[in-house]
Amino acid sequence: MSVFYYILPFIVFVCALLIIAFLLHFRRFSASLKRLVYIIQKNASLFSGLNAVDTVTPDFASLEKALRAMTEEFNIRFKQAKSEGSRLEAILNGMSEAVFAMDFSLKLHLVNPKARTLFNLDKIDVRNVSLLEATRSTDLVEIAKTAIHSGSPLERELTFFAGSERHFWVNASPLRPYQAQPFLTAGQGQGVVLVLQDVTRLIKLERIRKDFVANVSHELRTPIQIIKGFSETLLDIQIKQENEKDITNFISIIHKNVSLMETLTNDLLTLASLENGGDKILEVEEHSVIDIVNEVISLAEHQAKEKQIKIKVDCPKDLKAKLHGSFITQALNNLIDNGIKYSSPQSKIWINAYQENAELIFEVRDKGIGIPAEHLNKIFERFYRVDRTRSRKTQTANSPVEGRGGGTGLGLSIVRHIVLLHKGNAEVESHAGEGSIFRIKIPF
């Protein structure tokens, strides 16, 4: 009993030392764990020095180094991904094409500004909507599904009717998964990216080109056939005194149709020069407006006298403006020429010029056959005529074999291009049977 009495304090002392050592070790262990958690949570910098390693237990020193290395690698990758994301965002924002990115269920993940504008998605969180909800296009949905399930890119042309007819070339590219996933079947993509390129202008230009070729061919076919027919007749006819009148008439018809072809060619060349930068051909100069009007009247005087049409002028003598003088003369001459052609004999035509606010305005008014309302929005298109019978009414009675009249169908188109050259507007106000008023508005 006495021996145990002496040993007990030693046992208690040893136990106390063990407890103190355990607590110290646990405290250091806990501090090391907290430090590692801090490194992970706060993305502490890599390799802060040897002192940073000395603050943890040797058992955790290597683990801290590994965590710091992983954290730094993560930071580098994160910065690279952020930089790539910013670059991708800048590219998408600058694209003129509409871009949609979505998963395999067609839930949208990304929509660039062009697509938002095109489909009015500015106030919508696209991450909560599907492709069909965003675009209302079953054709677009069908293209996306086909690309996902086939696993191959495809291209299609689509037409949308959003206020007006618009044409798009759609490229669908499936997104492939990085590794096999149990919910994807064979040949199925992880998602799809749709790129919509607006080709409306190209389609319209192609239509204009086709219409242009067809119209030019149509306009040239009749005079060529007439020239060919009468020239063959002249070759076959025996020149006798009693045939001189017929021969003279045939030659006159050939001459008129050659003149028509020449006028058509000149008008086409004028249009080409205006469309290819007519502002580079002549510099604008200050002109007296009354001088331009008087020049136009002198050009139309002979034609007006033939139909006993009077031209009335109302223009201030001191009115001046910076213009392409020859182009404005041609535009006004085309308008007066139309007025004379489509007015009855012994009628009047009025040409007015005046300043209103910051615009120079020319008006050419007649009391002719007028233009039906449904044709007014197309009257300035090239080769456009209200109808063939209206055009034929302008023929002279002694040349019915010409088969046409009323010019080349390019006069008003030339007027429109000349006005656009001056950054102005061309307008028409007309009612069938009541005459027409053509206005040219040019900013000062």
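Helices are DSSP runs of H or I spanning at least four residues, numbered from the N terminus. The legends below refer to a predicted model.

View 1. Leu 18 belongs to helix α1, which covers residues 2-42. Its relative accessibility is 55%, and because exposed means over 50% relative accessible area, Leu 18 counts as exposed. Together with Phe 13, Val 14 and Leu 17, Leu 18 makes a nonpolar surface patch of about 370 Å².

**View 2. Strand β5 and its pairing with β1 and β4.** Strand β5 comprises residues 191-198 and runs antiparallel to strand β1 (residues 98-103), to which six bridges join it. Within this pairing, Phe 100 stands opposite Leu 194 of β5. Strand β4 (residues 164-175) is likewise antiparallel to β5, and eight bridges join the two. Trp 169 has Gln 197 in β5 as its bridge partner.

View 3. Arg 166 is located in strand β4. With a relative accessibility of 25%, this residue is classed as partly exposed, since that class lies between the limits of 20% for buried and 50% for exposed. Beyond its neighbours within four places in sequence, Arg 166 is in contact with Leu 118, Leu 158, Thr 159, Phe 160, Asp 198 and Thr 200.

**View 4. Side-chain contact and sequence separation at Arg 166.** A polar contact of 2.6 Å links the side chains of Arg 166 and Asp 198. Arg 166 and Ile 203 are separated by 37 residues in sequence, and their C-alpha atoms are 9.3 Å apart in space.

How values were computed
Residues are numbered from 1 along each chain as its sequence is written. This is a predicted model: local features need pLDDT of at least 70, side-chain atom pairs count only at pLDDT 80 or more; totals for chains, interfaces and linings use all residues. Side-chain values use heavy atoms; hydrogens and water are left out. Two strands pair if DSSP finds at least two bridges between them. Patches are made of residues with over 30% relative accessible area and no salt bridge: like charges are joined within 9 Å, nonpolar side chains (Val, Leu, Ile, Met, Phe, Trp, Tyr) within 5 Å. Accessible areas come from the Shrake-Rupley method with a 1.4 Å probe; for residues, only the protein chains shown count as cover. A salt bridge is a side-chain nitrogen of Lys or Arg within 4 Å of a carboxyl oxygen of Asp or Glu. Buried means under 20% relative accessible area, exposed over 50%, partly exposed in between (1.4 Å probe, protein chains only). Contact means heavy atoms within 4.5 Å. A polar contact is a pair of N or O atoms within 3.5 Å; within protein, one must be able to donate a hydrogen and the other to accept it, and residues adjacent in sequence count only if both atoms are side-chain atoms.
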